[in-house]
Structure formats: C-alpha cells, structure tokens
Amino acid sequence: MLAILFTSAVARAGEARDGLSVRLILRSEHPDEATHRIYVKGEVVTTLRFEKNVDAGRTKMLGWEGRLEPLAVIRNKVVLEPVHDLDKDEAIPLVVTLTDGTEVSFLVRAAGRKTGERADQQVDVFEDRESYAAMHAALTEALRQKKSLEEEVERFREQETSQDHALAALLASGAVTQTPFKVVDRYSGKDGETDVRAQVFKGNGKVAVVFNIKNVAPEQPWSLKSARLVTLDGGRERAVAVRTTSREISPGESGVVALVVDGKAFLDEGKLTSLSLELYREDGRRQAFVQLDPTLVAR
C-alpha cells in the first residue's frame, strides 16, 4: 500500500544549523549605506544580534501594526515576527538603539526569490570588522560556504557515475521506456501555489517517484531545496537519487522532479521497512510526502 500527502504546511527540513539562513552585516564596510535591508517572511522569526545590548525603550518600528508582532528585545537581540507575508513593495522602517546611544537603521522588506533575497533567520550586526566577534562570524560563514561547495562538488561527482542518477535523469526527461520501470500508482494534489501530479514506479528491485510540478503562484518561482528519504520507524536517513528538469520553475511553468530509490534502502537491521520520501521547496516548506511500502521491492 502507498500513501501520499501533498502539503505546503510550514514543516521544516530536518537540517542542522548549516541549513539556517544566517547573514552578516559589517557596518564599517559600507559607511555610506545608512539603512540596511532585513528580509522577512510571514510567521517566520527573524533575529537581529548585536555586539552590545539594545535599548528597548529607544528601539522603534514605524507602521508595523497589523503586519508584525510587537518588537521583542532580549539583551543584545531584536526579534521580528511578521503575522503574514509583507507585500513586495512594503518597507517598514526600524531603528535599533544600542545602550551606548548608537543608532542603526533598517528597512524590513518582504523576502522573495524573484529579487534573489531569501528570508533572514538571523542577522549578526557588527560595527568593527576587525573585532574578534566580527572576524569569527566572517570565518564561520566562509567555512560554511566552503563546506556547502564541497558537498555540491561531491554530489555532482556521484551523479556522474551513479546508475540510479542515470535512471532518474531518464525519468525526468520522460524517457520511461528506456528504464526498467512500470507505473504502479498515480496521485495528484494542489495547495494554491502548486499543482502536483505524481507517478510511482517499480522495477528490478528499485522504486521511482516522478513529480510533475506546475507553479501556479502569481509571481514567485518554485525550486527544490532538498529531498529526504528516511525510515518510517526511526527516521534513519537513506540515499536517494534526484534529478530535476530545471533549477527553478517560473510562475505558470511546469517542471519535473524524478527520484530513484534502490531496494537496499528498505532494509533496516535485516528486515524490510517502510520509507518516507519528502520534498522540500526552497523556502523550507514541505511540498510533498510519500510513504513507500516494502512490497514495492519484495519478490
């Protein structure tokens, strides 16, 4: 038996801190830029972190009523939480005053991949780029980017030689007849921003799922952040080969995400077990969930 659920609920990918959006602002690096941009998303908390404590009484936001929750100041942190997505043209002024009297100006804007700006989850603000804290933050960010690039290079290397990635590429291109797979089930669903059709395949001890995704959002493009395959009982990670027809699906356009799972992924301590396959979109929301039963690979 197979179960599938399409959803855009704010279910976050189970990733460590490396997956978070942490941005660094060095104020001394751009002395002529008096106002910094902070990008937010509805119902997602954004934290501004400073080197010195914040004066809550002199930290103000203008025109926030009905758009954001009241400001929260916790020692050297300012916490923002929009109650819904801001309009793309909205800009809410924010002035943060530190306990030494320093004022730092921001404009709170809507995040949007159309402009290339992702929602900030944490913004570290430093005055002196030579300070230990600033240098440490900059080094941490550089190491994070290095690790991300190394993982991407390794992923591309695996894709060049993996049979499962080759099969996924064929499925994504629509060349099903060139694969050993046969369709065993079909599903569809929609959430107001995407229309999704899924086909589940089996063949030669492997399982494949092909998602046809149409982006019906008026402006925002759709892209895949990650695909996770875990055991249903225990949540242990399993390998899955992924191929897409494009990095980004524009509004009104369609694309394909194809995934291939080897039969060995269903083995857990020598016994066959069910798997959970999840797709996460770029904003971190879970787009689709598929339960794969071990009978798909049982002989």
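Let's start with β8 and β9, two antiparallel strands joined by seven bridges. Strands here, like helices, are DSSP runs numbered from the N terminus, with at least two residues (E) for a strand and at least four (H or I) for a helix. Two strands count as paired if DSSP finds at least two bridges between them. This is a predicted model, where local features need pLDDT of at least 70 and side-chain atom pairs count only at pLDDT 80 or more, while totals for chains, interfaces and linings use all residues. Residues are numbered from 1 along each chain as its sequence is written, and side-chain values use heavy atoms, with hydrogens and water left out.

Back to the hairpin. Five residues sit between β8 and β9, and in that turn Gly-101 has a positive phi of about 95°. Across the pairing, Leu-94 stands opposite Phe-106 in β9. Strand β8 (residues 91-97) also runs antiparallel to strand β5 (residues 60-61), with two bridges joining them; there, Lys-60 faces Val-95 in β8.

Phe-106 brings us to the aromatics. Searching the whole structure turns up two aromatic pairs. For Phe, Tyr and Trp (its six-membered ring), rings pair if their centres lie within 6.5 Å; planes under 30 degrees apart are stacked, over 60 edge-to-face, and the rest tilted. Phe-50 and Phe-106 have ring centres 6.2 Å apart and planes at 70°, so this pair is edge-to-face. It links distant parts of the chain, since Phe-50 is in strand β4 (residues 46-50) and Phe-106 in strand β9 (residues 103-110), 56 residues apart.

Phe-181 lies in the loop between α2 (163-173) and β11 (182-190), and Phe-201 in strand β12 (residues 194-203), so the pair ties together parts 20 residues apart in sequence. Phe-181 counts as buried at 2% relative accessibility, and so does Phe-201 at 1%.

Conventions:
Buried means under 20% relative accessible area, exposed over 50%, partly exposed in between (1.4 Å probe, protein chains only).
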